[in-house]
Amino acid sequence: MNLRLAKCVLVTAVLLILLTDDTDAWRRRRRRRCWRACQWGHWSAWGPCSATCGTSGTQTRARGHAVTAQCGGTPCSGPTSQTQACNRKCCPQNCVWYNWGSWSACTATCGSSGIKDRTRGRTSPYCGGLGCTGEAREVLPCNRRCCPRNCQWHSWGSWSSCSPSCGSSRIRTRTRSKTTESCGGTPCSGSSTDRDYCGSRCCPQNCRWGSWGSWGSCSASCERSGTQTRTRREYTEYCGGRPCSGSDTDTRSCMGGCCRRNCRWGDWSSWGTCTAPCGNTGTHTRTRTIAVSASCGGSSCTGDASETNPCNRHCPHGSPNGLLGCNCAGTGYGGTCCDIDIDECSGSHNCHQHANCTNTVGSYRCECNSGYTGNGRTCTALCRGSTTCPHGGICSSPNHCTSCDSGYESPDCGNIDECAMDTDNCHAKASCSDTDGSFTCTCSDGYTGSGLHCERNAPNLVYCPADTRITVNSPSGGILDWTDPEFRFQPSNELANHECSADKGDAAPIGTHSVQCWAEGFADATTCDFDVIIEAPECVIPAPPRNGAVTCGVAEGAQKYCSLSCQNRYDFATEPADTYRCDWYAVWHPAEDLPWPDCSRSYRPGRARQKNELYYHTGSCAFNEEDIKRDLLLLYATLGDCSAGIRCGISDIEVTCGLSSRKRRDAPKDTELREHNDDLVVKRSTLGHTVKIKFVTEAESLAEEPTADDQSEVIGALDDIYFEIRARVAARTFDLDIGGVMCEAVNYVGFLPSFDLQCEDGQIEKVETFGAVCINCPVGTHEQDNTCLPCPPGWYQDEEAQTECKACPSEGSAIEGCDKEPDHCHFSPCQNGGTCHDFVGFYNCTCPDAFTGDDCEEDADECDLGTDTCHDAANCTNAPGSYNCTCNDGYKGDGYNCVDVDECALEADTCDEDATCNNIPGSYTCDCNPGYTGDGITCTDTDECASDPCQNGGTCHDEINGYTCTCAPGYVGDDCETDVDECASVPCENGGTCEDEVNGYTCTCAAGYFGDYCEIGKFAHNSSHTVQ
């Protein structure tokens, strides 16, 4: 309903109300004639368009109230302004040239006709845009130079004789000349000298051992005994040489590692022989050697290596004479040491004449005879007259004294020798000396006291161990142990027992434990004090990686815990372990990753790309693809800005119509997709078409040399683009004008982004979760198949980013890695399956039968060398790396075994029907049958009559392989060669004589007979008759 019709209806309705309403309300309305409804004024003209072209232009117009509502009049309804689209047309776009493509290959490599060209594409102008100026193809001359003439070899000369006379390297040589290249032609490759392997003539070579390698690491940690091995290479004997004797492995004892160790003296030797048997000058000496030398900062041994003490400083009787021996004067003893008893009774003594002399040890005793009293040296008559007994004795009867004083005895109250009678009470470690009426006790050397009681002197401390270090392989500690101290009594040098504040064999934690020892029973005397230090073997941290650092700490279950890192813009080409642990045996784990890998220069690209696919549903495929590309660029421009420091863009737009929307199962590789969410797939009717737009989003860091963080920011920028497009597709706000119809996206697929990684030779490429990097192979390695491999012995590499190692200049070179004999076979120089044998200074290739040459690089002509195994009836044809055997004509088989074909039996011959086939090895012969002539292939009948074999007028008749003769009368034989002897049958009768003739005979008859056969009568005359 338009506005005019609405007004008409409104007026009609009002009139009907007025006409039908006669109530007071009507009268009231009449009185209210001020009532007025609102009325709009006219619309203003449309304002200017906000855009001259594109899809966003709008323009606006406005209107005001022509009549304002009064007295309850109806207000105006509707907007005061209107907006409409305008200038919705394509913006003029000028033609734009794309970048020039690469130059094509030159049409000629040399001469004067070569050209090369390159082309460039362009966008089409539309909506009145200007066309492109310039050419789409550019042509330039190229390779305008003289054509190179390559070097050409001339034919080889003759082979020289083989040299040396034996061995596996016997060779012969030949040379060739060449025509030199010109105009940059390719030089001749190869050598002007050719060497050919002549075949082995075995020279006996004895087995020999190579030099011993370095000793391996010790199997035990420090302060513990272990073993270490070294190996040597065996160069095996051949050609009857003598085998090697011995082993390729040598083992020796070792102490693991270098640990701090204090010097420790060994045990004292036994005391040497005393320099004097007695007296006061004797000394004896003992020595000791260092059992454990100080190492790795340990303290040195203190004290002397020898010790001298007095010995035999005594005289059993007598006194020292200041020389070697004792002064025995007045002792009753003789000898050097006064230890030989003198029998004074047999010599001079001073006993009284009335006394008896009794020898005693070291002296003699004088006893007055019975009836006398006295000390033996003086004897007086006992108990006679007024004489009394000595020493308080009572003369109880003549010559007998009793009740003598203590120390004296009856019958004469003489002295009692308590020492000799063993009635003294001296201590066991004391000596007894008799005195008149008593005795004295003196403690022995090494004892002190009254003699009745003697106590042993405290022993001397003669050895006290130094501090002892014990290496353990457990955090719980170890067992206490040390070398026992020595306490010795003097002067006997007897070893004393000892006690300590701790017991050997006790468990103790890691740390320092102080120990004090003393002689048993002499705790207050001299003590031996030392420390027992229980410690783990020292973990030696290897040098940090080149261009990197190592960070270490302490962790449970290990002594040390280290991790590696690289300097900025360096990385590990060989990935290290996450952590390295040094256990309680000072062994690093994982051991296979040692030594630590080095860091080398790395390069990170700053540009990443992500493939994308958008799907739109439309009713027609009739549209301009360029328009869709342009509109997608405009749509992309509506996305959020790229992160700071990153440049973003879109490229490689491709439009395809008529495809089905990609779902998860359609993806070529699920791993390439960012995510799988079937909710993003908007189900559509199968009517119509699906337009697929493939495009690439790009993000590039503006940093001069991007880091891993910069790469992460680049991936983040692509993520932002991806998730914004994904969200807008899900919200159906990513519409696109396709063929004049605004279509909403029905699906969006984003693939995982990837960096433009272009590593150079000598670098490996490594793809990370949020980045990618090219890393130089570090010093000491070379790159192969994207792996950095260490250089083998005898090779080195002192530069990064290399693809091969350098040969060490000479044996014993100071270059790292050149301290060992090179492995010449490491890089597999022997070609075509040859076996490489490494020798000192060279290698030798054992080639398969099919190849020859120093490196088995040449195909061996087994046929020419006679090394083939073809059958004698086969033909040998050389082939690359092998040969072929083909049985000769007339034989059948595989060439290695050939059997003669019997062409005659198989009727495969070509002999004439009048010939005989005779099989021979490898063929057959045709022999014309008798009576025929020819080569066997063609045979003709022989005319045996041609030679006139029939004699004597015989007629010859030719036959196959023969002839017959019809003889003339009178002749017989195969060839009519025999005249018939008609006389043989004795035809002449009656005594006639027969004379043979040709084809007849003549009878000469005896007298009285005639006739052909002399068969008639008897006549007196002779007659003859010839019979024919």
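Which hand does the disulfide of C777 and C788 have, and what is the torsion about the S-S bond? I opened the notebook with this question.

**Entry 1: ground rules.** I am working on a predicted model, where local features need pLDDT of at least 70, side-chain atom pairs count only at pLDDT 80 or more, and totals for chains, interfaces and linings use all residues. Residues are numbered from 1 along each chain as its sequence is written, and side-chain values use heavy atoms, with hydrogens and water left out.

**Entry 2: C777 and C788.** I looked up the torsion and found about -90° about the S-S bond of C777 and C788, so this disulfide is left-handed. The link between C777 and C788 has an S to S distance of 2.0 Å; a disulfide is a pair of cysteine sulfur atoms within 2.5 Å. I then placed both ends: C777 is in the loop between β58 (771–776) and β59 (781–784), C788 is in strand β60 (residues 787–790), and the pair links distant parts of the chain, eleven residues apart. Strands (E, at least two residues) and helices (H or I, at least four) are DSSP runs, numbered from the N terminus. I checked accessibility next: C777 is buried at 0%, and C788 is buried at 8%. Here buried means under 20% relative accessible area, exposed over 50%, and partly exposed in between, with a 1.4 Å probe and protein chains only.

**Entry 3: the whole structure.** How many disulfides does a search of the whole structure find? I noted 42.

**Entry 4: C345 and C357.** I recorded a disulfide from C345 to C357, with 1.9 Å from S to S. The link of C345 and C357 is left-handed, with -80° about the S-S bond. C345 lies in the loop between β22 (340–341) and β23 (355–360) and C357 in strand β23, so the pair ties together parts twelve residues apart in sequence. C345 is partly exposed at 22%, whereas C357 counts as buried at 18%.

**Entry 5: C642 and C648.** I found the sulfur atoms of this disulfide 1.8 Å apart. C642 is partly exposed, with a relative accessible area of 28%, and C648 also counts as partly exposed, at 25%.

**Entry 6: C338.** Is C338 buried or exposed? I found C338 buried, with a relative accessible area of 0%. Its place is in the loop between β21 (333–334) and β22. Not counting residues up to four places away in sequence, C338 touches P316, H317, C326, N327, C328 and Y333; contact means heavy atoms within 4.5 Å. I also noted that C338 and G325 are 13 residues apart in sequence and 8.2 Å apart in space, C-alpha to C-alpha.
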